[in-house]
Amino acid sequence: MKAVTQTKYGDVDVFQVTETPKPTPRPRDIIVRVKAVATNPIDTKKRKGFGLGLPLSVGWDVPGHNSSKSEIFHLVDKLVLGWDAAGVVEAVGSDAKLYKPGDEVFFAGSVSRQGCFAEYVAVDERIVGRKPKNLSFEDAAAVPLTGLTAWESLVDKLHIPIPTTPEQAEANSKKTLLIWNGAGGVGSIATQIARHILKVQVISTASRPESINFVKKLGAHHVINHRNDPVSELAKIGVEEVDYIFNTNDFTPELLASFFKIIKPFGSISAIVPIFTPIDLGPGFIKSVSFEYTLMFTRPMLEPADMIRQKEILDSLSTALEAGTIVSHATTKFDSFHKLGEAHKLQESGTSIGKIVLTAAF
């Protein structure tokens, strides 16, 4: 099969279209004919020799698991990137029972396995959802990685309850969530989930006129500027403290110190980017603040007992997308995998809004 591969780390000129063996399914795998793939920061990091923001030269052992970081992020003979896709089931493994050939699906997959910039990909059926019927493959591919990250952060880690009654929705409406960087891929879908599904008060951040307007259209009750101090920005809208903070950007000691000032007692902070610089968690003690990491790839890589939770989340997202409760934002589309280099340059520019998607064509 054809695939966009690389045999060394570097700039976008490492990409080449080559012939590579069609994947063989593991027992719980399905083989998917890829129709569209979205890019994410993990793609550009891994292309340059970083895993999940981690230099490959740094040792990383997972307690209780036989996986070192060098094994998880090693450069195979022909590395294929891309962990955000939609396609059609071609075949199933010996123990797979959730899908059949012909089913349309969407998924992020596992960063410890080959990615999706290829004609076919193998993926464990427990982390695959049914593609929304009302979306194109391109629009569907823009959702899984960011949708899973946002849902796991807000629901599984920050423990914001999903309201099922008017009373629960009313209770949630009294809670306030700050989303730091609301116009990016994760922030844009988190803003929608928080406003339209979880029914909380949403304050998102953006800095440019176009990104501010974008976040407002997504449903944010307020938009503040993340280039300024959070304390002063919240004061401008009459808010002193928030119940939850979801940070989709890098942490700095200064930013975390500001977050501790604006988080309510017993509040929660969630991060999706690893922190390597020394930070002071002491100020959060007096408020009994919870600090949570969220890595969407934990379930696919380490295969815990609740691995199928990702299928459940993707199916919930699919239902919400079909109902129009949330929408996909594949704001930039390329018509061929040959343009992957252009997509990576845009991803790395820091100016893209929403998601970047490529149609599976060679």
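At a relative accessibility of 42%, Glu303 counts as partly exposed. By that term I mean a relative accessible area between the limits for buried, under 20%, and exposed, over 50%, computed with a 1.4 Å probe on protein chains only. The model before you is predicted: local features need a pLDDT of at least 70, side-chain atom pairs count only at pLDDT 80 or more, and totals for chains, interfaces and linings use all residues. Residues are numbered from 1 along each chain as its sequence is written, and side-chain values use heavy atoms, with hydrogens and water left out.

Let me stay with Glu303. This residue sits in the loop between α10 (298-302) and α11 (309-323). Helices here are DSSP runs of H or I with at least four residues, strands are runs of E with at least two, and both are numbered from the N terminus. The phi of Glu303 is near 50°, a positive value in a residue other than glycine. As background, most residues other than glycine have a negative phi. Phe266 is another non-glycine residue with a positive phi, of about 65°. Phe266 belongs to strand β12 (residues 263-271) and is exposed, with a relative accessible area of 67%.

I turn next to helix α7. Which residues of α7 (residues 209-218) are buried? They are Ser211, Phe214, Val215 and Leu218. Viewed down the axis of α7, these buried residues fall within an arc of 95°, so they line one face of the helix. The arc is taken over the directions from the helix axis to the C-beta atoms. In general, an α-helix has 3.6 residues a turn, so residues three or four places apart point the same way. On the face of α7 turned away from the buried side we find the exposed residues Pro209, Lys216 and Lys217. The buried residues pack against α6 (185-197), β9 (201-205) and β10, where contact means heavy atoms within 4.5 Å. Just after α7, Gly219 takes a positive phi of about 125°.

Ser188 is found in helix α6 and, at 4% relative accessibility, counts as buried. Leaving out residues up to four places away in sequence, Ser188 touches Gly182 and Ala183, and also Phe214 and Leu218. Ser188 and Ala150 are 38 residues apart in sequence, with their C-alpha atoms 9.2 Å apart in space.

How many cavities of 30 Å³ or more does a search of the whole structure find? The answer is 3. A cavity is a set of points, on a 1 Å grid over the protein atoms alone, where a 1.4 Å probe fits but cannot get out, and its lining residues have an atom within 4 Å of a point. Grid points are joined across faces, edges and corners, and the volume is the space filled by probe spheres set on the points.

The largest cavity holds about 70 Å³ of space. Its lining includes Ala142, Thr146, Ser188, Gln192, His329 and Lys355. Helix α6 supplies the largest share of that lining, 4 residues. By type, the lining divides into 4 nonpolar, 6 polar and 1 charged. Here Ala, Val, Leu, Ile, Met, Phe, Trp, Tyr, Cys and Pro count as nonpolar, Asp, Glu, Lys and Arg as charged, and the others, Gly among them, as polar.

The second largest cavity has a volume of about 50 Å³. Among its lining residues are Trp83, Phe107, Arg113, Cys116 and Asp124. Strand β6 (residues 120-124) gives the largest share of this lining, 4 residues. The lining residues divide into 6 nonpolar, 3 polar and 2 charged. Asp124 itself lies in strand β6 and is buried, at a relative accessible area of 8%. Neighbours within four places in sequence aside, Asp124 is in contact with Arg28, Asp29, Arg113 and Met307.

Finally, Asp229. This residue lies in the loop between β10 (222-224) and α8 (230-236) and is partly exposed, with a relative accessible area of 35%. What does the side chain of Asp229 reach at 3.2 Å? It reaches the backbone nitrogen of Val231. The Asp229 side chain also makes a polar contact with the side chain of Ser258, at 3.1 Å. A polar contact is a pair of N or O atoms within 3.5 Å; within protein, one must be able to donate a hydrogen and the other to accept it, and residues adjacent in sequence count only if both atoms are side-chain atoms. The C-alpha atoms of Asp229 and Phe259, 30 residues apart along the chain, are separated by 9.7 Å.

Technical notes. On a 1 Å grid over the protein atoms alone, a cavity is a set of points where a 1.4 Å probe fits but cannot get out, and a pocket is an open set with protein on both sides within 12 Å along at least five of seven lines; lining residues have an atom within 4 Å of a point.
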